[in-house]
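The following note is intended for a colleague who is meeting this structure for the first time. The points below may be read alongside the sequence and the model.

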Amino acid sequence: MKIFEELESEVRSYARNFPRVFHKAEGEYIYDENGKQYIDFLSGAGALNYGHNHPVLKKALLDYIQDDGITHSLDLHTAAKRDFMEAFRTHILQPRKMDHRMMFTGPTGTNAVEAALKLARKITKRTHVVAFTNGWHGQTLGALSMTANSHHRNGAGLTLAGAHRIPYDGYLGDHVDTTEYLDKVLTDTSSGVDLPAAVIVETVQGEGGVNYCSREWLQNLSRVCKKHDVLLIIDDIQAGCGRTGRFFSFEEAGIQPDFITLSKSLSGYGLPCAVVLFKPELDVWSPGEHNGTFRGNNHAFVTARATLDEFWANDDFAASVREKGAYIAERLDAIVEKYGEGNFNAKGRGMFQGINCVNGEIAGKIAHEAYTRGLIIETSGTNDEIIKLLCPLTIQQDALVKGIDIIEASVKVVCSTMDEFPEDSCYFDEVILQEKAIHPGAQPLDGQKAW
Ligand SMILES: Cc1ncc(COP(=O)(O)O)c(C=O)c1O
């Protein structure tokens, strides 16, 4: 362990909560060097939707390497890229009646966000982009200006420009449709809000605390964008690739976003790969205008193509995600009911769910307790108050049951050591209290919304 403390930058983060040296992983399990097994509910922060080293993906990759397949090619045409694009069109775009173009950006999610923002600005010749409270879009400067978290924004070292911040669905309580506010300020030429190039939004705010918008809110947002000729960017980097029970997280809303960003689980194997999809008429790039050395990772194309053939040729896999999602929701609701004393609540969609534990201290203790019992799970939200379940979508039922049993046992232990729940631990609770005062029968802010 000493080498990490001596040589690795203080910026390291996840490693601090799970101070082990990991060296093997398979499916939903990860093992440390002593052979201790952990169930992985972190899944590379959503980069491992199909688990670790899925055998079908591994075989495709090993065969490709064995055959001296091209590893690096800038953006030259390669057979690996062609096969991936063909599979993407066949299994993803065509069945959804989408004709979006594919732009391969630098390898990580934030690169896709940067490219989408740049293209939206180029098309509209406008500078501002509307982003939402608690949104998370990456750490490079353009994407960081869209990201809401002050801890990360403060690291920028210069003024973050170009975003206009609007309350996300539920931020002002369940009875305020914040798209009406957006419509109003874009209609009123004296609102002081300039017409933006685009709106960028997550349907489920993963890092922001597993806040998710309602289907209706998303439809309204899409309508407002169309009405004002503003481009809609859905950042599906964490919620996409099946996490919510469909390939794209917005599918049930029946909207056709102008842009979609994908990364994380696109390769399915943890290999870096990012793409921006946009409607063909928006493809106004001139050749090489947005460039980069690592655009298109052929190894990632090979495994990404294998995920499409293996999981997305029909609805079976997605249906299994929805089924497991329903089981997770049921279990989390029961845990909240049993131990939360009215303070905890469960939230999320599909296999993207969490428990709001009132404050970061309690959530951190629960996550740590779970770790000692063999479960790796992270927290998210403004104050890290949300226990965030991101298990592989391919998880076997027995491991899913065991993982949630560990969460339940950890919640029980931590709650039993507390004298009482803190009163006003986070902003959300204040909003819930205000909401209850205005609408006595109202559900808490994070009450489950139908999708
Ligand atoms: C919705 C969303 N967008 C963008 C990003 C940035 O992706 P990356 O960390 O790969 O740059 C993330 C990362 O968590 C994300 O969740």
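1. A definition is needed at the outset: Ala, Val, Leu, Ile, Met, Phe, Trp, Tyr, Cys and Pro count as nonpolar, Asp, Glu, Lys and Arg as charged, and the others, Gly among them, as polar. The model under discussion is a predicted one.

2. On these terms, the shell around the ligand comprises four nonpolar, eight polar and three charged residues. Of the 15 residues around the ligand, those that come nearest are Gly109, Thr110, Gly138, Ile237 and Gln238. Helix 6 (residues 109-124) supplies the largest share of this shell, three residues.

3. The domain assignment divides the protein into domain 1 (2-53 + 316-438) and domain 2 (59-311). Their C-alpha centres lie 25 Å apart. In the contact between them, 28 residues of domain 1 meet 24 residues of domain 2.

4. Which element gives the most to the side of domain 1 that touches domain 2? Helix 12 does, with five residues. The residues on that side are 11 nonpolar, 12 polar and five charged.

5. Helix 12 (residues 316-339) also packs with helix 14 (residues 397-416), at an angle of about 15° and with the axes 11 Å apart. Angles under 35 degrees count as roughly parallel, and helix 12 is therefore roughly parallel to helix 14. The crossing of the two helices is right-handed.

6. In this packing, Lys324, Ile328, Arg331, Ile335 and Tyr339 of helix 12 meet Leu400, Ile404, Ile407, Glu408, Val411, Lys412 and Cys415 of helix 14. By class, the contact has eight nonpolar, no polar and four charged residues.

Terms used:
Residues are numbered from 1 along each chain as its sequence is written. This is a predicted model: local features need pLDDT of at least 70, side-chain atom pairs count only at pLDDT 80 or more; totals for chains, interfaces and linings use all residues. A residue is near a molecule or strand if its C-beta atom, placed from the backbone, lies within 6 Å of it. Helices (H or I, at least four residues) and strands (E, at least two) are DSSP runs, numbered from the N terminus. Axes are lines fitted to C-alpha atoms, for helices over the stretch in contact, and angles run from 0 to 180 degrees between N-to-C directions. Angles under 35 degrees count as roughly parallel, over 145 as roughly antiparallel, 65 to 115 as roughly perpendicular and the rest as oblique. A crossing is left-handed if the near helix is turned anticlockwise from the far one by less than a right angle, and right-handed if clockwise. Two residues are in contact if their C-beta atoms, placed from the backbone, lie within 7 Å. Domain bounds come from an automatic or database domain assignment.
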